[in-house]
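This report goes through a two-part question: how are the chains built, and where do they touch? Please look at the sequence and the model before reading on.

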Amino acid sequence: MTTQQEAPRRLPVPGQTAILLAAVFTMLLLQRFAWRLLDSEALRSWSTMFVAIFIQALPFLVGGVLLAATISVLLSERVLERVVPRSPLAAVPVAGLAGVALPGCECGSVPIAGSLVRRGVTPAAALTFLLAAPAINPVVLVSTAVAFPGQPRIVVARFLASLVTAVTIGWWWALRRGQLPVHAPAAGEHSHRGRAFLATVQHDFLHTAGFLVGGAAIAAAVGTFVPPTWMDSVADQAVLSIAVLGLFAVAVAMCSEADAFVAASLTSFSDTAKLAFMVVGPAVDVKLAAMQAGQFGTAFAVRFAPLTFLVALVVAGLTGWWLL
Amino acid sequence: MNRSSQAVVLLLVGALVVRQAITDEYLHFVNPWMRSPLLVSGGLLIALAALHAATDWRTLLSQAASDDERAQDHSERGHEVPRAAWLLVAPVLVFFLVAPAELGSYAAERRLSEVREPAQYVAMRPLPPGDPVRVTLVDFLVRSEHDPGRSLAGREIELVGFVTSKDDGSWFVTRFVMGCCAADATAYRVPVEGVAAPPDEAWVEVIGRWDEGRPARPTLKATLVRRTEPPRRPYE
């Protein structure tokens, strides 16, 4: 045991970081060579869109992470627990609306939902909160308004559709008396507030920004390489285009703070299809399903993800038909 | 991802964003008002990396026993970062290795758009006095197709954009219009007749007159083409 613990301390720079730094230096040295090698119009178009989505979303992500950390450090879940009524049917809409007050991205709301259940909040309300918080919080609504300038109806439609989706699923869960198995133990409490704040910010940022990069890369690839005629042929069909963008939202797993910008970039699609993208995305995507499987078990995730997808799609379709 | 790699990644991303905001390069990707949000968020990421490094350094200096280390390991377990965080290196790699610039003719071909008719109540303002008058491409297209007052008629017009061309030799002055970021940009183009085509992707100022006979196909009958530097803001 002792010898094993001695070994890493002789290398003050851990291997991983050394490799990372070496890669960065190599990159800087080979930069001019790489420019010539990677000089393809398609690649440059893709990289412009990729960097653009990333850069546009980044300040919003940092803002969201800061806000979420402030609230989770200063305002404990106990405040929420006090507000939420005992009766599940009454608790569900309250939890949905509480999502407005507790901004956080998808990744943050999964552990929060788990801790709510541990502290005695009814599972249906916790699930409603899990679905509502990333979809209708102020940061998301503001970035949606920025992404769709002069189209406040889209912001309203997004708010309503997401809230209705969350409450519908919550009530369904309450009526079926569904449970929410919680496996993960409580996260270690930090004694120092400032340190807890910084740790939360850093953790949330790295957690979500990585997924943002993946989503931006895929979205930029769709924008660059998918032939516009093909996109248009799907975009023209009202029902199919909604389903396609819904599936796209599941596949790209965007952060809810950033997805409005991607939705706005899908210019050939109808506003209703874009709405479906923005309602499905924060509710269910591949990374969320993975996180839910980790937190609540695979059996839960396998049932919950398709249910959420269908409800979100139908609600978005109806809301779009009504409002847009 | 271990702790020091986390700090390095934060620093890289923060530095990339701040660099863009300082050098005007961000205008190739996003709107001008994004400058301060980029500076602030990039600065915060750098500060976070610095604080992180300082904390680690202090721990390293005061490391009296392995107890500390073990305690730290333990407290970290709640903050494990997924492998997806490594993807954050990708924008930095792409930025340095591919050196993305503003969108050009390749994207323009795939993202061509047509102007929509302005709302009825929007009265078309007269063009400012003095010839040649510089108008945006979208303004030119809207006025050509949808202006009952024919405000373009008889005026000398100046358009700025980059060159795209077809195989048959016809060419266009082209410009992207951006809503939010370059990923949602759409291209508009105006056919230019009467002067030889400059090379593709070259930025030009074109001076000429509106082809009044064909309002449905807005065309500029050019008298002069000048090569220019790419504008600071490539998108309209």
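## Basis of the model

This is a predicted model, in which local features need pLDDT of at least 70 and side-chain atom pairs count only at pLDDT 80 or more, while totals for chains, interfaces and linings use all residues. Residues are numbered from 1 along each chain as its sequence is written, and chains are lettered from A and ligands numbered from 1 in the order in which they are written.

## The two chains

Chain A has 17 helices and 0 strands. Chain B has 6 helices and 6 strands, and along its sequence they follow the pattern α-α-α-α-α-β-α-β-β-β-β-β. Helices (H or I, at least four residues) and strands (E, at least two) are DSSP runs, numbered from the N terminus.

Of the 324 residues of chain A, 50% count as buried; for chain B, the share is 38% of 236 residues. A residue is buried if 20 or more other C-beta atoms lie within 10 Å of its own, exposed if 12 or fewer, and partly exposed in between, with C-beta atoms placed from the backbone. Two residues are in contact if their C-beta atoms, placed from the backbone, lie within 7 Å. Among contacts with a separation of 6 or more, residues 24 or more positions apart account for 86% in chain A and for 68% in chain B.

## Where the chains meet

In all, 55 residues of chain B are in contact with 57 residues of chain A. On the chain B side, the elements that give two or more residues are α1, α2 (35-61), α3 (66-76), α4 (89-97) and α5 (105-110). The most comes from α2(B), with 8 residues. By class, this side of chain B has 38 nonpolar, 14 polar and 3 charged residues. Here Ala, Val, Leu, Ile, Met, Phe, Trp, Tyr, Cys and Pro count as nonpolar, Asp, Glu, Lys and Arg as charged, and the others, Gly among them, as polar.

The expected span of a helix is 1.5 Å times one less than its number of residues. Helix α1 (residues 3-23) of chain B has 21 residues and so should span 30 Å, which agrees with the 30 Å between its end C-alpha atoms. This helix is mostly covered, with 15 of its 21 residues buried. After α1(B) comes B:D24, whose phi is positive, near 70°.

Helix α2(B) has 27 residues and reaches 39 Å from its first C-alpha to its last, close to the 39 Å expected. Its buried residues include B:L38, B:L44, B:L48 and B:H52.

## The strands of chain B

Two strands pair if DSSP finds at least two bridges between them. Strand β1 (residues 133-134) and strand β2 (residues 156-165) of chain B run parallel, joined by 2 bridges, and B:V133 stands opposite B:I157 in β2(B). Together with helix α6 (residues 137-146), these strands make a right-handed β-α-β unit. A crossover is right-handed if, with the strands pointing away from the viewer, the path from the first strand over the helix to the second runs clockwise.

Which strands run antiparallel to β2(B)? One is β5 (residues 203-210), joined to β2(B) by 7 bridges, with B:L159 opposite B:V206. Another is β3 (residues 171-177), joined to β2(B) by 4 bridges; here B:T164 has B:F172 as its bridge partner. The hairpin of β2(B) and β3(B) has 5 residues between the strands, and in this hairpin B:G169 takes a positive phi near 95°.
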